[in-house]
Amino acid sequence: MTAHAAHNQPANAPGSPVAHDASSPTTVPVAAPAAENSASHSVPQEYAFLDFRTKLLPHLLANLPSPDVLASIISGAKGNAKKAGGDGSSAAHKASQDDADKDKEEKDLAAAAIAMAALNPTDSQWYMLNQLRIHAGLPERSAAGIDKLIHYYAHLTYLDEKFPFETGKIEIEFTWYEAFDHNKLVIGNCIQYEKASTLFNLAAIYSQLGAKHRMWTADGKKTAAAYFQKAAGVLVHIRDTLTQRFKVKVDKCSDMSEETLTGAATLMLAQAAECFYEKANDEKSSSPVTALVAVYSADLYDVAYRSFKTGSTLIRHRVPRTWSSTVKAKALLFSAIAHFHTGPVTSSERVVGERIARLSVAQELVGEAYRHAQDVGGILREITKGYVDVIENACMMVEAANHNQLHETPYDLRLLSPLKRPPQALVHPSPVHEAIPNPGKYKDPFHPLLAPNHREDVRHVMEESRRVAHAGQTKLHACVKSIDEFTKKHGLSLPHPVGVAIPNPGLSAQNPDDLRAHAQQFLKRLHDLQGEEASFSSSDMLANFTGLLDLIGLSLQESTYLLEHIDLSRVPSDPNVMNVITAMRSVVSQHESEFRHARGKLNELKHLHDTEVKEFSSTKWTDDKLAALIPVLSASYTADEHRSHKLKAQYETAKAKRDVDLARVDEIRRTCQLKI
C-alpha cells in the first residue's frame, strides 16, 4: 500500500486466507516517484532522482553569514579577549602586533571557512539523502527496506523543521505517480505530501510482509496480523496528521484522500482479524467463538468496501475492481460463516426451524459471495465454492430431516436474532511509536541550523546576553582594578595558585608530661610483646601448624586406603557392614574437604606473615630507635623544647594559610580577566 505505483510493480492480485487454505491477502501496491522534469504521464523507465543539494544549498547559504562576517566575529572575539588581558602592554609589543595583523586576518578567514564547512552537510550526507529518496520509490520488501524508509522519513522531518517549505520559497518539486492509477502524476513542493507518500510505501511494505508470511503456522499468523496492524497504524497516522497540511490538491478518488486511507486502513485490520479467524479455525474453537471472529472480520471488510465505493463513479474508482470484488466477497463470505456457526436461541420446539432459517440466510450470502469471487478467480473462488457446497449440503440435510421426521413449521427469517458481536475490538491500528519506530535515532545532517520559528527567539536571547555580558564586564574590570590597587598598596606579589596543605600540629599540641606517660605505656607494652615473641615466635607457631596438618593429611590418606581395600567377600550378605563402610567413607570425605580448607587458610597466613608481619617484627624495635623517632622518649627532652616546637608549628600554619589566601586572590583576579 503506498501513494504511488512502481514502474515494474504490477498491482498485487489480492487473495485471502479463508478456512483451511491460505493465500496472499490483499496488499496495496508500492508507489514510485516520477523522474524529475518528466513530461510523460507514463511510468518512468528510471528510478526517481532528486538532487537535494542543488535545490537546498542556495537557501542554506543565503541564511548563513559570509566568511568575511564570520572572520570579523572571530577577530572581534580575540580583540575583546586581549583587551581584557590588561593595559600593561609596551610600545614594542604594540609595534610587533601591528606587524602581525596580516597573518591574523588570514588565520581568521581560515577559521571562518572551517566554521562554514561545519554548518553544511558533507557530500556523503547529501548523497545519502538522494539515495534514500530513490529507495523510497521502490523499497526493498524486507526489514532493511523498512529501516531505510523510516530513515528517509526522519530526514524529511528534519528538512521540514529547518527549511521554509510552507512559504513556497524553496524551489523544489516532489513528483509521484498514484498507487492505484499509474497514469496520474502528482507534482508539487509540498513536503507533507512527500512524507505521506513515504509512509504510504512503508504501510505497503508492512502489508506485503504480512501477506507473504507463513500463514500455516500459529506464529506465522500472529506475525502477519502484527504487520497488518502496523500498516493500519501508518495509514491512520497519514490520514489524521499529514493530509490536513497538504498544499497539493487531492481529489476524492486519490489514494491520499481520507476515504481511501480509511478504507485501506480498515482493510488491513480486516486481514489482521482474518488471521485470528484462521487461528481459531486451526485450534478447533467452539462455534460461538468462531462466529464472533467471523462476524468481526465481515464487519471490517464491509466498512472497507463502503469506504472504497464512497465517491466512486462508473469511470473513476478508488481501487482496482478486483480489490472491490475481493473485499465484497470476503464480507459476504464471513457473514455466511458467522450465520453457519450461530446456534439457535429460541425454544426447543422451534430449534430445527430456526436452524433452517439461519442456514438459508448463510446459503444466500455465500451464493452472492461466490458471484463476486468469480470476478477475482484464483484460490478465493475455490474456497468460496467449497463453502457454498458445505452450506448447501447442511441446509439440505436439515430440511430433509425436518420433512421426514420433525415436521416443524418454517421459521420467519425476520424473527432471527442479530448476530452477536465481540464486546471489544479484536485488532487495533498499531500506535505511531510501534509502526514508525524511533525515527529520532538517525542523525540530523542539518543540526547546526536553527528552525525558522526559533530565529526570532534566538535573536532576543543574543541581545539580552550581550547586555548582561557588557554589564558584567564593567563590574569585573572594577574587581580587577581593586585587587591590583590593594596588592600594590601592601607590597604583595600574587603567586600562582598551588595546593598548599596546612600541616597538622599533631603531638606537639599536647602537654610534655602526658606525652611521657603515654610513651612509657607504649614502651612497656612493646617490651611485653618482644618477650612473648622471643619465647614462642609466630614463625614457630606456623611451623607447628604445618606439621600438624601434615600428620592429619597422612591419617586421611591411610583411612582412605583402608576403606578402599576392605575384603567384602568375608561378609557378602551382611547389610549392616556395608552401611557402616559407606558411612565411614562419607565421614572421611567430609574430613578431606575440611582438611583442604584448613590447608588453604594456613597458606594465606603464611603469605600474610611473610609480606606484612615478618619485616616489621617487634624484636627489631629498640629504645634508641624509638627515641630517635619520638623526641619525647628522649631523656633530654625539656618543656622549653616542647614550647619551641609548638610555636614553630603555629608559625608554619599561619604562613601556609597566608599562602593559600594569596593564591585565592590571584585565582579570583585571573578568573575576572578570563570572564572579561
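**Group meeting talk: helices, packing and a few loop residues**

Let me start in a loop. Asn438 sits in the loop between helix H14 (432–435) and helix H15 (452–489). Helices here are DSSP runs of H or I with at least four residues, strands are runs of E with at least two, and both are numbered from the N terminus. Asn438 is not a glycine, yet its phi is positive, about 50°. Its relative accessibility is 49%, so Asn438 counts as partly exposed. On that scale, buried means under 20% relative accessible area, exposed means over 50%, and partly exposed lies in between, with a 1.4 Å probe and protein chains only.

A word on what you are looking at. This is a predicted model, where local features need pLDDT of at least 70 and side-chain atom pairs count only at pLDDT 80 or more, while totals for chains, interfaces and linings use all residues. Residues are numbered from 1 along each chain as its sequence is written, and side-chain values use heavy atoms, with hydrogens and water left out.

Now the whole chain. Its secondary structure comes to 20 helices and two strands. The chain has 676 residues, and 38% of them count as buried. Next, contacts, meaning heavy atoms within 4.5 Å. Take the contacts in the chain with a separation of 6 or more: residues 24 or more positions apart account for 79% of them.

On to the helix pairs. Two packed helices are described by the angle between their axes and the distance between the axes. The axes are lines fitted to C-alpha atoms, for helices over the stretch in contact, and the angles run from 0 to 180 degrees between N-to-C directions.

Helix H7 covers residues 191–211. Its 21 residues should span 30 Å at 1.5 Å a residue, and its end C-alpha atoms are 30 Å apart, so the two agree. The expected span is 1.5 Å times one less than the number of residues. H7 is mostly covered, with 21 of its 21 residues buried. The axes of H7 and H8 come within 7 Å and cross at roughly 165°. That makes H7 roughly antiparallel to H8. The cut-offs: under 35 degrees is roughly parallel, over 145 roughly antiparallel, 65 to 115 roughly perpendicular, and the rest oblique. H7 passes H8 in a left-handed crossing. Left-handed means that the near helix is turned anticlockwise from the far one by less than a right angle; clockwise would be right-handed.

Who meets whom? On the H7 side, the residues include Leu199, Phe200 and Tyr206; on the H8 side, they include Tyr227, Phe228 and His237. The residues of this contact divide into 16 nonpolar, four polar and two charged. Nonpolar covers Ala, Val, Leu, Ile, Met, Phe, Trp, Tyr, Cys and Pro; charged covers Asp, Glu, Lys and Arg; the others, Gly among them, are polar.

Stay with His237 for a moment. It is found in helix H8 (residues 218–242). Is His237 buried or exposed? Its relative accessibility is 14%, so His237 counts as buried. Leaving out residues up to four places away in sequence, His237 touches Tyr153, Leu199, Leu242, Val432 and Ile436.

H5 brings residues including Met128, Leu132 and Arg133, and H6 brings residues including Lys148, Tyr152 and Leu159. The contact divides into seven nonpolar, four polar and two charged residues. H6 itself has 20 residues and reaches 29 Å from its first C-alpha to its last, close to the 28 Å expected at 1.5 Å a residue. H6 is mostly covered, with 14 of its 20 residues buried.

Lys284 is found in the loop between H9 and helix H10 (287–309). Its phi is near 55°, a positive value in a residue other than glycine. At 65% relative accessibility, Lys284 counts as exposed.

Last stop, strand S2 (residues 185–188), the place of Ile187. Ile187 and Val248 are 61 residues apart in sequence and 7.9 Å apart in space, C-alpha to C-alpha.
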